[in-house]
Amino acid sequence: MGKYLLKRILFSIVSLLIVIMTVMLLVFSLINRNVIFQTDDRWNKTSGNDQKVYEYNQFQKYQYLTYTNYTNFVKSKYSEKYGEDNFTTPEYSADLKAIKNAKTYRDNPTVKEFIEKYESEGYEIVYLPQQAQKNGTIKKGYSAYLLAVKENNVFLRLWLYIKGLFTVETTSDVTDPALTEEMRGIKFINDPYGWWAITGSGTTHKYLLYFDGRFPFIHQNWIHLHLGISYTQYRNQEIFDVITAPNGSIITSMQQFPNMIGTDEYEETAIDFHTLTYNAEPTVDDLKNYPDNYTSSSMHRAGLSRLEISFVMGIISTIIAYLLGLPIGILMARKKDKLADKIGNLYIIFIMAVPSLAYIFMFAAFGTKVFNLPYNFATAEVQILGYILPIISLSLPSVGSLMKWMRRYMIDQMNSDYVKFARAEGLSEREIYRTHISRNALIYIVHGIPGSILGSLTGAIITERVYNVPGVGNLLTRAINGHDNGVIIASTVFYTTITIISIILGDILLAKYDPRISLSSERGGGR
Amino acid sequence: MTTLEELKNKNQDELFYFVGNDVVSSEKIIAPRYSYWKSVFRVFFRKKINIVMLVILALIFLIAFIMPIFLPYDPMENVRTSSTFYLSPSAAMAKFGGFSFKYLLGTGQFGNSILYGVISSARTSLTLAVICAAINMTVGILIGAVWGYSKKFDAVMIQVYNVVANVPYILLITVLVYVIGSGFWQFVFALTVTGWLGIAYFFRTQVMIIRDREYSLASRCLGTPIPRMVSKNILPFLTSVIVTLLATELPSYISAEVFLSYIGVGLSSQVPSLGRMIQEAQAAFLIYPWAFWAPVTIASAITIILYVLGQNLADASDPRTHM
């Protein structure tokens, strides 16, 4: 079992990698890359060569390519030679100015060195000559640039993505020289804002691990997951933060700043002191309030995160689906070809055949008109009422499919020999159904349980759109419509991982529930 | 052969005599001629509901394919007169001078006739469903049969399946629509390029179950070649499975088109489609219900009829129901 699982997980990781690579190929090579600038204001404001350099800069950020600017090359060359502080020699300025002349720039030794170095590494040299206006001054945005550009291949992109997937904070993360070696370190403290905490100095975040009264009670800023960065949808935010951060309004409360602790001073603020990060240049106010340089922070926000909203809706509708679907399926099988079975079949046909969009809208219209329930989740006056319609809409199809399969498996089992034998033995119908048929029919149902629980995490596309729910279901579709490559990759990784985990968990659960089923092929069972 | 006349002429004492063995007639097995498909249709038409549904489906097909030829649908017809936008059926008829068949269901976003739009869109949806189902089912079943039968092929294909099944379907379709365009045939391509894989996988499992049945083993021992094994031993057994699959596949393409148009990656605006009509009307579906419910009703009616007919045909194609 252990060996088999290890093999399964390894295979899954490989297939996950191939999926990421396929999606990267699709997204990065098939879609025109300039669409990422469609809604970019900064790109619109720049022009000429500046715009081109900005494009290269953004392309590098989104891992289309790597590029080096000649200016940076010169700067690092002279700072190596003369030190960080006094490299601005006349030689340095002359080298920088050399590229201004389109005819002679290649004669400059530093330019030659730059071109040779990068051409040998497979870079392409791009020269953007300056353009002058009639009066001799340089046109706005058209100063000269010399760049070395190399397209990332898909393997490099994949490698960079995987390398950057997890980062762990260490005490040498902050490069500010003001923070000396003795000041760095990790401490275990009694946390004034929670219970206990492990704090770091030299790490980006102050609170690395902390316990407080907020669900799930243990929180951390130590290990970070970087699924990808959003470009157009959620400007420059990490997708993992987008889906896990609460998105309600800011809530303020009476709190003490770190320097007020021990006094009876309180101030009304929304600052979440557990999110403090290092700030190299604190303001005067910051110095008054904080004992150290950890002064940047984010706010306490009300409400649930995208992931939590989707999960709450998903999990409740899954529970409803199993609580309704299974008993109704069993009832239909017992009353086969009678009225109950016929009504159930009508429902199944309706759910299976009608486009889901149609019945979700039908239900929305019904719930809004008849029960006066809020139609728009985001603007619902009583938040809890906003959940009702989406949850019911979500459970409609799963109830139908559970009914269908449970009935099918029950009927299959009812005709088998062991049932006839049990009947011949004189067992009551109730006993046969409860301890024999249902248990065997459930074997097939068990396999899907982890999938439907974990599947709640991925949200629902139509339901969330119809009811305007800020969940995770529309992450991918909105990203596709907005050409947000980072989000596309991130959500693919997120959805795929959940799918793979739920299939493996389903198999394990199946093997645990039915001892006849063995997952590894050595010990019978498999072919 | 001794006839009755001859018998009478025989000696009356000799009541019993030897009939003799007729070699020719004893070779023939006396049984009614059995045709599989004939009995399938006999069982199928025994249910009155099937006939009714078949007639409705035929009517939908006829109207959807013939009417647009004589009464073409032009969505931009009234686009210049904004007073024609979103008119209820009665208002539309008042606007366009008395009762008219054209405005029986009111007007939509740009003053377009909802009825004509729905009919033209139904044609698109039906064509799409039939073509996609034909391509996906053919490719899926052929590959699935080999996939289930050959263990070497299985080892490769199962890995391909693991990867492709995990690439989000919406992503693949969007990228394809983005790259090759969103016309009708491009959309067919996007739906079929990986669509067959799921069918093939389902079919593989079914073939594997039959492959190791005793009669197949016996047949293999007798040296039956693989093509004949597949065509005579396995495929006939799976006819009802294929029809069941068809019953779920056909309506699923109509639903897929509706879904994809709703999220904004469907057919282009040049092609009239139910999904696009629903998508355009959904924002105001509480205010202008006719523009929304007309395409929804037609889409649901078509999918339900296709599904029920398919399921009943699948039931009928199971030989156990032929008694």
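**Note on a predicted two-chain model**

1. In chain B of this model, which is a predicted one, helix H4(B) passes helix H15(B) in a left-handed crossing. The contact between them draws on Asn50(B), Met53(B), Leu54(B), Ile56(B), Leu57(B) and Ile60(B) from H4(B), and on Ile302(B), Ile305(B), Val308(B), Leu309(B) and Asn312(B) from H15(B). Sorted by class, the residues of this contact are 9 nonpolar and 2 polar, with no charged residue among them.

2. The geometry of that pair can be stated further, since two packed helices are described by the angle between their axes and the distance between the axes. H4(B) covers residues 48-70 and H15(B) covers residues 289-316, and their axes come within 10 Å and cross at roughly 135°. The pair is therefore oblique, because an angle has to be over 145 degrees to count as roughly antiparallel.

3. As for handedness, H6(B) passes H10(B) in a right-handed crossing.

4. Which residues make the contact between H6(B) and H10(B)? On the side of H6(B) they include Cys132(B), Asn136(B), Met137(B), Val139(B), Gly140(B) and Trp147(B), while on the side of H10(B) they include Trp196(B), Ile199(B), Phe203(B), Arg204(B), Val207(B) and Arg211(B). Taken by class, this contact has 14 nonpolar, 5 polar and 2 charged residues.

5. Turning to chain B as a whole, the reader will find 15 helices and 0 strands, and buried residues make up 35% of its 323 residues.

6. One residue of chain B may be looked at separately, namely Leu222(B), which lies in the loop between helix H11 (214-221) and helix H12 (226-234) of that chain. Is Leu222(B) buried or exposed? Leu222(B) counts as exposed because it has 7 C-beta neighbours inside 10 Å, and the cut-off for the exposed class is 12 or fewer. The C-alpha atom of Leu222(B) is separated by 26 Å from that of Tyr36(B), a residue 186 residues apart from it along the chain.

7. Chain A contains 19 helices and 13 strands, and 31% of its 527 residues are buried. Its radius of gyration is 31 Å, whereas a compact globule of 527 residues would have one near 24 Å. Taken along the principal axes, the C-alpha atoms of chain A fill a box of roughly 105 × 65 × 55 Å. Residues 24 or more positions apart account for 64% of the chain A contacts with a separation of 6 or more.

Methods: Residues numbered from 1 in each chain as written. Chains lettered and ligands numbered in written order. Predicted model: local features only at pLDDT ≥ 70, side-chain atom pairs only at ≥ 80, totals over all residues. Helix = DSSP H or I, 4+ residues; strand = E, 2+ residues; numbered from the N terminus. Rg over C-alpha atoms; globule rule 2.2 N^0.38 Å. Buried ≥ 20, exposed ≤ 12 C-beta atoms within 10 Å, placed from the backbone. Contact = placed C-beta atoms within 7 Å. Left-handed = near helix turned anticlockwise from the far one by under 90°. Nonpolar A, V, L, I, M, F, W, Y, C, P; charged D, E, K, R; others polar. Axes fitted to C-alpha atoms, helices over the stretch in contact; angles between N-to-C directions. Parallel < 35°, antiparallel > 145°, perpendicular 65-115°, else oblique.
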